[in-house]
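Subject: Structure for you to look at

Hello,

Here is the structure I said I would pass on. Please open it and keep it beside this message while you read the notes below.

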Amino acid sequence: MTADKNFLVGVFDNEEVLLDGISKVRSTGLKIHDVFSPFPVHGIDDALGLKRSRLPRAAFLFGLTGTSLALTMQIWMLGYDWPMIIGGKNFASLPPFIPVTFELTVLLAALGMVATFMIVSDLKPYKWPRQFDVRSTDDKHVMAIDLALNGGKSKEEISRILKDAGASEVNEKNFE
Amino acid sequence: MQVTSSVRDPLVTGGKTVKDVSHDISRHVENKPPRSWWLALAVSLVVFAYGLYCVCTVLWHGIGVWGLNKTVGWAWDITNFVWWVGIGHAGTLISAILLLFRQKWRMSINRAAEAMTIFAVICAATFPLIHMGRLWLGFYWALPLPNAFGSLWANFNSPLLWDVFAISTYFTVSLVFWYIGLIPDFATIRDRAVVQGNQIRAAVYNALSFGWQGGAKTWMRYEAVALILAGLSTPLVLSVHTIVSMDFATSVIPGWHTTIFPPYFVAGAIFSGFAMVLTLLLITRVVFKLEDYITIYHIELMNIIIIVTGSIVGIAYITELFISWYSGVEYEGYAFYNRVQGPYAWAYWSMMTCNVISPQLFWIKKIRMSIVATFVLSIIVNIGMWFERFVIIVTSLHRDYIPSSWTMFHPTMYDIGEYVFTFGLFFTAFLLFAKFFPVINMAEVKSIVRSDSEKVGHSSHVEEEVHA
């Protein structure tokens, strides 16, 4: 049995049961593949022991790139490449460069962060996701357990753990 | 876990379950649209076609067909540009600023408001592009690309160039923010289509949802992205109308050369934007039967924002008048005397009535809670805000320093036609959005609906306690 093929899927009716269930399942030593929810559940990251996202840092770095690009561009163009007297001001005077610098900072931070998010989360328009249970975008929370990674326990045992954790139903899901 | 006071009114009424939310919102995408939708689309398309004819005429003959003259070189085009950009601001305020302030009532109105933002910014952008005369060269002129006749660059000292960057950044970031919000909802529609056996719809909405699954880690990242986009959009939206106001404020024209322009324009933008959100949502909630999601409570809160921003705008008008007298600058004084008393006084007093007096009616709770009154006032506010821009622009220009160059501005059918064009564009886009996209953010509303339903269930119980 290879990993990422055969799963047991526990269906939870609401987020309180789910959060409670996650800690119950994890306390038995079972590894959770992922939990799919129709909306963001607060506290699920702690319950699953997920590390904080580093996307804010990526956004900051993209923003910094935008700031430096914008300033370099404006100072080089109007200060060095083709100096022009505009209203008798300095060729490279900083204050009028601030608006464009700000806008490009925001633009690069936003686009860079969203692109990073798309890439790390593997979101792409031509991908058909593996659906563990189609109700996970409607009203159910779905917990997937990879059978290959939990080889120590039998299917029946895992199924019982999920039921005890509050799952309203447990289904088997196999991907080719 | 967030704690919400049990005293607060529920945001979603009718005791909806999570499943009801999916059903109520998705069914508009799945079902055939009501007859009223077709009728509205037909009217919008006719208006759009007429406007397109006028725009094509302007492009063919040049902007000489407009009513501009040597003295008034800017009139309806820039008025309409500022008006549309201002309308866009409410969408970002709702989705970004209210997110940072954790105002949950934004959840059922942010999707439509952001859509309005995007369409309004597109409408706004058409005006400067067409005013360039040869709009196919617009990007080449406006962006910092080396000039064909030498390596001249764009002038970064000009607020008009700042506008290019501000508006295009604002458009891009709003679009991305809106689309990120749509992704999980597209996945909901896809999965419903899978269950219903509609393979084409499933494939289309899967592509639109970027193969969204809603895993725990993805949701966590998604929330981080939404929060930072909100944090970025907040100063962005304030910067946009600030920079738009600098188109005027950095010039030395009496009536334009004013330091209060940036905050005054931003308040005015939010004021008119909320009015447009109300106009659109009051219709949408009836046509698509969304009264349980966009409740009278939402309408009241938006009306309160209209009172606040309307009052800020009113104070700004009075401050401007006072300062023009108090400064002792003759030209400044005359510019305002001419606004109040001159040939465009009718525009000035329309603006004062619509923007300063009419929103004050919302202090009366009965008016604030009345759908008909809100609808009428929302339209009056937007008429007033159009006049505000017209007054600022045309009355400051038409009486130049030398009386021999004094003129009046008279719009031609092409000035009017281009404005009509943007209405056709805006409403066509909004109607298509309302049919093919989920008009309410399902994922966000689902996260509050359970506690609300419990509240609705408990409400009789609370009353009992009060009576006891």
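Helix α3(B), residues 76-100, packs against α8(B) at an angle of about 155°, and the two axes are 9 Å apart. Because angles over 145 degrees count as roughly antiparallel, α3(B) is roughly antiparallel to α8(B). Their crossing is left-handed. On the α3(B) side, the residues in the contact include Val82(B), Val85(B), Gly86(B), His89(B) and Leu93(B). On the α8(B) side, among them are Ala230(B), Gly231(B), Ser233(B), Thr234(B) and His241(B). By class, this contact has 11 nonpolar and seven polar residues, and no charged ones. Please keep in mind that this is a predicted model.

The axes of α9(B) and α10(B) come within 8 Å and cross at roughly 150°. The two helices are therefore roughly antiparallel to each other, and their crossing is left-handed. From α9(B), the contact takes in residues including Tyr264(B), Ala267(B), Gly268(B), Phe271(B) and Phe274(B). From α10(B), Ile299(B), Met302(B), Ile305(B), Thr309(B) and Val313(B) are among them. The residues of this contact divide into 15 nonpolar, three polar and no charged.

The loop between α9 (261-287) and α10 (296-326) of chain B holds Lys289(B). Lys289(B) has a positive phi of about 55°, although it is not a glycine.

Phe210(B) is placed in the loop between α7 and α8 of chain B. There are 20 C-beta neighbours inside 10 Å of Phe210(B), so it counts as buried.

Next, the two chains. How many residues of chain B are in contact with chain A? There are 54, and they meet 57 residues of chain A. On chain B, the elements that give two or more residues to this side are α1 (18-30), α6 (159-196), α7 (199-208), α8 (216-249) and α16 (442-467). The largest share, 16 residues, comes from α8(B). Sorted by class, the side of chain B that touches chain A has 31 nonpolar, 15 polar and eight charged residues.

Helix α1 of chain B contains Asp24(B). Asp24(B) counts as buried because it has 21 C-beta neighbours inside 10 Å. Between Asp24(B) and Leu143(B) there is a separation of 119 residues in sequence and 45 Å in space, taken from C-alpha to C-alpha.

Last, an annotation on chain A. An unreviewed UniProt entry lists residues 58-77 and 97-120 of chain A under "transmembrane region". In the model, residues 58-77 of chain A are 100% helix and 0% strand, with the end C-alpha atoms 28 Å apart. Residues 97-120 of chain A are 96% helix and 0% strand, and there the end C-alpha atoms lie 34 Å apart.

Regards

Methods: Residues are numbered from 1 along each chain as its sequence is written. Chains are lettered from A and ligands numbered from 1 in the order in which they are written. This is a predicted model: local features need pLDDT of at least 70, side-chain atom pairs count only at pLDDT 80 or more; totals for chains, interfaces and linings use all residues. Two residues are in contact if their C-beta atoms, placed from the backbone, lie within 7 Å. Helices (H or I, at least four residues) and strands (E, at least two) are DSSP runs, numbered from the N terminus. Ala, Val, Leu, Ile, Met, Phe, Trp, Tyr, Cys and Pro count as nonpolar, Asp, Glu, Lys and Arg as charged, and the others, Gly among them, as polar. Axes are lines fitted to C-alpha atoms, for helices over the stretch in contact, and angles run from 0 to 180 degrees between N-to-C directions. Angles under 35 degrees count as roughly parallel, over 145 as roughly antiparallel, 65 to 115 as roughly perpendicular and the rest as oblique. A crossing is left-handed if the near helix is turned anticlockwise from the far one by less than a right angle, and right-handed if clockwise. UniProt positions are given in the numbering used here, feature names are shortened, and annotations may be inferred rather than shown by experiment. A residue is buried if 20 or more other C-beta atoms lie within 10 Å of its own, exposed if 12 or fewer, and partly exposed in between; C-beta atoms are placed from the backbone.
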